[in-house]
Amino acid sequence: IPSTVYWGMQYKSRGTLSEEKRENQTVEGFLTFKKEIFNGLSLDLMAGMGQYQTNYTQSGIEGDGMLDAVNTSNMATAPNSSVFSGKSIERTRSYFARSNFDFFDKYLLMFAVRYDGYDKFFPENKFAFFPSASLGWKLSSEPFLRNIDMINLLKLRASIGTTGRTYSTIAIGRFESDMNGTRQVQASFNNGQTVYPVYLQVANDQPDLEWEKTIMTNIGLDFSLFGSRLSGSVDLFKDDNPNLIYTNAPTPPLSAIQTYPVNAGHQVRKGYEVSLNTINIRNRLMEWNMEINLSHYAHNWVERPPYEGLQSYMKETDPVNAIYVYETKGIIQVGDTAIPVYQPSSARRPGCPKFIDQDGNDTLDNRDVVMYNGSPKFIIGFGNTLKIKNFDFGIFFYGQFGAYGWNNSYAWASATDFVNRVQNGSQDIKNVWTTSNTEGYLPGIAYNESTLGLSASVDTWLEKKDFLRCRNITLGYTFNMPGIKRFVSNFRLYADIQNAFIITKYKGADPEISFPKPRVSAAAPYPMTRTYSIGLNATF
């Protein structure tokens, strides 16, 4: 980065040369056994084991203050340079078995078990069992439904099982060198003739930490009707997570280590999902298929970690993705005399947002905080596939409705930072309130949220993240000439657009993109890319 770029609060050239290597190894072995024991009973057994290892290495050098155009690849010539490197290995070992039983093509039964181990847990908790079972009943194979022509398939099913999860943050080494840290400590002996690097303890042993488990239950119905012209499924599900891994529990007072991971907290996610597939038209010249998906879920706390202090406006069972804010309405204008008495003292000047007193007691306190949910109420998807002779056309949409989130793009439109030349500004700066832009809806330079002393955030950056995205459009043509059929059984030319367009009122870069508040060293939003493709499918 040349010195002409204002980065890191200063005009100084800087650069980094680094290399990272990731290697995932998978070794599995298993045995299967299939047999029809007698007429109407089929047995399918499988058992095996596997080991999965991830190797990671990193090395590099970085520096700043070097010349812009000379030795830009020689970081060692920089007045301030340092090297860095790292290595990590993670292993998981699994033993697994599964059995499937099919009784008279009516009743389906499955049992499965996994015995998984993670090398970062202590021996007492390294391995854990994860059993599961499912039951299916083909109603359409029963005598009382078998002769109904409109029913091709009708199956009830239910399942229950346990899955496990770990976090890479608990795999931090207990010790690390401080040679490249802030202190760069060395231990000297023999009057400075012998120098040793110092290693610091950065994590404590956690022998009680165990797998995070989720108990998943599901009840569903699969159906196919009218000669399979209408098919689909309906599912009700619940994911119960009673022993979360809480990675930032505070250590006891006077501890050299500030936080440590523990099992704490309880969350439940439950909802439903509906899927429909239809064949609207099917004849010799034309075929039109349609698919529709609809899902809804609620993700709530059952019990909070004891280390998480709750404000009075928070409930124990609030949504996991809850957002708490003070609501505002409008901007204070020059000469505005209708400033409420409860308005914070540091937000009473023109350009500051007007706060809403929810309970009408002329005091802005915790009772005025409003909760929004960061999870959508509904997620939808629908698509159509049309074939006319040799042409085929497909289009698919998906979207979400009811979710709220922060538009952190507005951080690039901070009036204070822009005027003080701390950072660049995006086009959203034109929406900042000024005396010459009184229609602006973003707070002006007189407003500073950090000085308000409020217990929750303010909704000036909060937006609804509803959207409907055209995910895919495809147009194809299949050649069906006798001369080609002698050599190629299928020959299709197609053009495709991924992420064709989006319909949304969200003012940020992209409602699906989540990123931290952009500042000097933080990320900025980059929207999903649109991809154009031309391809050829051939089967010889």
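Is Q193 buried or exposed? At 67% relative accessibility, Q193 is exposed (over 50%; buried means under 20%, and partly exposed lies in between, with a 1.4 Å probe and protein chains only). The model is predicted: local features need pLDDT of at least 70, side-chain atom pairs count only at pLDDT 80 or more, and totals for chains, interfaces and linings use all residues. Residues are numbered from 1 along each chain as its sequence is written, and side-chain values use heavy atoms, with hydrogens and water left out.

**View 1. Q193 and its separation from A338.** Q193 sits in the loop between β10 (186–189) and β11 (194–197). Strands (E, at least two residues) and helices (H or I, at least four) are DSSP runs, numbered from the N terminus. The C-alpha atoms of Q193 and A338 are 75 Å apart. Along the chain, 145 residues separate the two.

**View 2. The largest nonpolar core, with F355 and Y447.** This core has 15 residues. A nonpolar core is a set of buried Ala, Val, Leu, Ile, Met, Phe, Trp, Tyr and Cys residues joined through side-chain atoms within 4.5 Å. F355 and Y447 touch the most other members. Strand β19 (residues 322–326) gives the most to the core, with three residues. Contact means heavy atoms within 4.5 Å. Leaving aside neighbours within four places in sequence, Y447 is in contact with A347, G351, C352, P353, F355, T416, L452 and V458. In soluble globular proteins, nonpolar side chains tend to be buried together.

**View 3. Two cysteines, C352 and C470.** C352 is buried, with a relative accessible area of 0%. C470 is also buried, at 0% relative accessibility. A search of the whole structure finds zero disulfides (pairs of cysteine sulfur atoms within 2.5 Å).

**View 4. The tilted pair of Y313 and Y324.** The whole structure holds 20 aromatic pairs. Rings of Phe, Tyr and Trp (its six-membered ring) pair if their centres lie within 6.5 Å; planes under 30 degrees apart count as stacked, over 60 as edge-to-face and the rest as tilted. The ring centres of Y313 and Y324 are 5.3 Å apart and the planes stand at 50°, so this pair is tilted. Y313 lies in the loop between β18 (286–303) and β19, and Y324 in strand β19, so the pair ties together parts that are 11 residues apart in sequence. Y313 is buried, with a relative accessible area of 15%. Y324 is buried too, at 12% relative accessibility.

**View 5. The edge-to-face pair of Y410 and Y441.** The ring centres of Y410 and Y441 are 6.5 Å apart and the planes stand at 70°, so the pair is edge-to-face. The pair links distant parts of the chain, 31 residues apart. Y410 is in the loop between β25 (404–406) and α2 (415–419). Y441 is in the loop between α2 and β26 (457–458). Y410 is buried, with a relative accessible area of 2%, whereas Y441 is partly exposed at 38%. K507 lies over the face of Y441, at 5.5 Å from the ring centre. For such a placement, NZ of Lys or CZ of Arg is within 6 Å of the ring centre and within 35 degrees of the ring normal.

**View 6. The open sheet β22-β19-β26.** Three strands form this sheet, with mixed pairing. Two strands pair if DSSP finds at least two bridges between them. The edge strands, β22 (369–373) and β26, each pair on one side only. β19 and β22 pair in the antiparallel sense over five bridges. Y324 has M371 in β22 as its bridge partner.

**View 7. Strand β18 and its antiparallel partners β17 and β23.** Strand β17 (residues 266–282) is joined to β18 by 16 bridges. A hairpin connects β17 to β18 through three residues. G271 stands opposite Y297 in β18. Between β18 and strand β23 (residues 378–388) there are 10 bridges. M286 has I388 in β23 as its bridge partner.

**View 8. Positive phi at F104 and S228.** Most residues other than glycine have a negative phi. F104 has a positive phi of about 60°. F104 is found in the loop between β5 (80–103) and β6 (107–118). S228 has a positive phi near 65°. S228 is placed in the loop between β13 (212–225) and β14 (230–241). At 35% relative accessibility, S228 is partly exposed.
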